[in-house]
Amino acid sequence: MRTETEVLIAGAGPAGLVLACELARRGVAHVLLERDAEPFAGSRGKGLQPRSLEVLEDLGVLERVLALGGPYPPIRMEVDGEVAFSGYMDEPREATADVPYPNGWMVPQWRTGSILRERLAELGGAVVPDAALVSFAQDGAGVTAVVREAGEEREIRAKYLVGTDGGRSTVRKGLGVTFLGETREEERMLIGDVRARGLDHDVWSIFQSKARPFPVALCPLAGTDTFQVFLPVPPGAPIPELSLAVFQEAVDAAAGAGRIELTELVWSSVFRPNIRMAERFRVDRVFLAGDAAHVHSPAGGQGLNTGVQDAYNLGWKLAAVLQGGDTGLLDTYEAERLPVAANVLGLSTALHEKVREGAADALRRDDPELQQLVLGYPGSPLTVERRAAPAEAHAGDRAPDAIGKADGASVRLFPLIHTGSPVLLAFGGGARRVAEAVAPALTVAVGSPAFEDVDGTAHTAYGVAEGRDTLFVLRPDGYIGLATDTPEEAETSAYLTRLTAH
Ligand SMILES: Cc1cc2nc3c(=O)[nH]c(=O)nc-3n(C[C@H](O)[C@H](O)[C@H](O)COP(=O)(O)OP(=O)(O)OC[C@H]3O[C@@H](n4cnc5c(N)ncnc54)[C@H](O)[C@@H]3O)c2cc1C
């Protein structure tokens, strides 16, 4: 049996699910394969960064994510029985007009997965379970893949294949793309989700001993009655069996016997820090995204978030090209995401080393880059900055939010500019005339009844002086593509053509 589709996605982790949602919302036919018969059950990537929350809002799931998760708790760290640190990794911040979600949000990965699956179903898509991509071959017109579904092999023919199949990616190996970097075999850890008695659910408890390189940490998982436990395995020691008794023994050794009782091991796994990046994120009609393209230390909570951003970057581009846009748009995926992944890898590795070395600031997570709001695409071929001396919000940056008024009620800018399509955001009458002449349906005019900038938050966030004509062409993924204070119809129209089907 042979199935035909537009996009074949291998792997229904967070990256694959976000990509499938992005394609489904744009009506692009796709098949999302998942090797496992059951959804992933572990807490693993539990930290959603502020930029991911904005993406999840655009995907229509933020309310569920907020309702089912919670803020990061403060940390209490004991070193050999003495409290050595008590406080937050990153002090909670107040929301502002331009950054509505300034803090990380904790949701266990299994739950993020189930929310995204639910959303995909609402958008008319589905995961094909127990269906592993086995091999593939590509030609000038598409990719033919062999899939083993419920024990039977079948063929799927697609125009494009995306490997979101995790760190051991079959797609990456099939492409022969090198996974540059290292695996820290000597820094293995057991990770488990447990239920426990005698442990405060409002505090992330960490127990360290000067004699051990990595601490034993028990993080309460927001929205659940479980804790995520990390146990270091000493270098050279055999990996113990993944049992409740082994976790209990290690917690007793670190925290003191009789203090904490683990009552159930819900999920567990062995973890080796991998610090690697694929040399290429695309070979012709095949793309890599998420852990298939880059794997990180969990320090800094970047892996899942970076995969979500990969998928969010690729989805609209695939849709535009499949619906008639220029194929050159697809070249910008690697050009934009590879430098971001390299940067994130550097950040998370630096934090990992601090934890390993027991540095005084090892638990601080206040580097703004970790929130992924300041990561952008300044060097992208899609980025066009025409202003001589832009202040805030350069082309290539994330398009910020703002708060204005419509019909006397408070409104945010994000719902107007996160539509799944490009947006012409116009400040001033001249820019508005150009935008409306080019694409009235895509125009959002600051100062119009739909968004009166009564407190000037949009002007401030976008660095536009009152009364100055400025036009921003925003990409479907919420980044500023073109920024100009001399807006012209011909340039705006030509630029828009680069982003869309035509
Ligand atoms: C201990 C730990 C803590 C972490 N904490 C954080 C954190 O706080 N924040 C954060 O952002 N990240 C964190 N991460 C990283 C995060 O878990 C990963 O980056 C994330 O799961 C990657 O998502 P993905 O969709 O790319 O891949 P995966 O989640 O690995 O999903 C890949 C999917 O592909 C499937 N698959 C594999 N092969 C095939 C095939 N041949 N055919 C079909 N399907 C296939 C797999 O079954 C799997 O479901 C942590 C990781 C660990 C280990």
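How many bridges pair strand 9 (residues 131-138) with strand 10 (residues 143-149), and in which sense do the two strands run? The pairing comprises 7 bridges and is antiparallel.

The views below show a predicted model, in which local features need pLDDT of at least 70 and side-chain atom pairs count only at pLDDT 80 or more, while totals for chains, interfaces and linings use all residues. Residues are numbered from 1 along each chain as its sequence is written, and side-chain values use heavy atoms, with hydrogens and water left out.

**View 1. The hairpin of strand 9 and strand 10.** A hairpin is formed by strand 9 and strand 10, with 4 residues between them. Within the pairing, L133 has V147 of strand 10 as its bridge partner. Strands here (E, at least two residues) and helices (H or I, at least four residues) are DSSP runs numbered from the N terminus. Two strands count as paired if DSSP finds at least two bridges between them. Strands of a sheet pair through backbone hydrogen bonds, either parallel or antiparallel.

**View 2. Domains of the protein.** Three parts are assigned: domain 1 (2-69 + 107-183 + 274-371), domain 2 (185-271) and domain 3 (384-499). These bounds come from an automatic or database domain assignment. Between domain 1 and domain 3, the C-alpha centres are 30 Å apart. To this contact (heavy atoms within 4.5 Å), domain 1 gives 14 residues and domain 3 gives 13 residues.

View 3. Strand 12 is joined to strand 18 by 5 bridges, and E182 is opposite I275 in strand 18. Strand 18 (residues 274-278) is joined to strand 21 by 2 bridges. Here M277 faces H294 of strand 21, and R276 is opposite V295 of the same strand 21. Axes are lines fitted to C-alpha atoms, for helices over the stretch in contact, and angles run from 0 to 180 degrees between N-to-C directions.

**View 4. Helix 7 between two helix contacts.** Helix 2 (residues 50-58) packs with helix 7 (residues 303-322) at an angle of about 45°, and their axes are 10 Å apart. The two helices are therefore oblique to each other; angles under 35 degrees count as roughly parallel, over 145 as roughly antiparallel, 65 to 115 as roughly perpendicular and the rest as oblique. R51, S52, V55 and D58 of helix 2 make the contact with N305, V308, Q309 and Y312 of helix 7. By class, these residues are 3 nonpolar, 3 polar and 2 charged. Ala, Val, Leu, Ile, Met, Phe, Trp, Tyr, Cys and Pro count as nonpolar, Asp, Glu, Lys and Arg as charged, and the others, Gly among them, as polar. Helix 7 also packs with helix 8, at about 170° and with the axes 10 Å apart; helix 7 and helix 8 are therefore roughly antiparallel. In this contact, T306, Q309, D310, N313, L314 and K317 of helix 7 meet T332, Y333, E336, R337 and V344 of helix 8. The classes are 3 nonpolar, 4 polar and 4 charged residues.

View 5. An open sheet of 5 strands has the order 22-28-27-25-26 and mixed pairing. Its edge strands, strand 22 (384-385) and strand 26 (443-446), each pair on one side only. Strand 25 (residues 423-427) and strand 27 (residues 470-474) run antiparallel and are joined by 5 bridges; F427 has T470 of strand 27 as its bridge partner. Helix 10 (residues 429-438) packs on the sheet and touches strand 25, strand 26 and strand 27, with its direction at about 155° to that of strand 25. Helix 12 (residues 489-499) also packs on the sheet, touching strand 22, strand 25, strand 27 and strand 28 (480-484), and its direction makes about 15° with that of strand 27.

**View 6. The contact of helix 10 with helix 12.** The axes of these helices come within 9 Å and cross at roughly 50°, which makes helix 10 oblique to helix 12. V434, A437 and V438 of helix 10 meet E489, T492, S493 and L496 of helix 12. This contact has 4 nonpolar, 2 polar and 1 charged residues.
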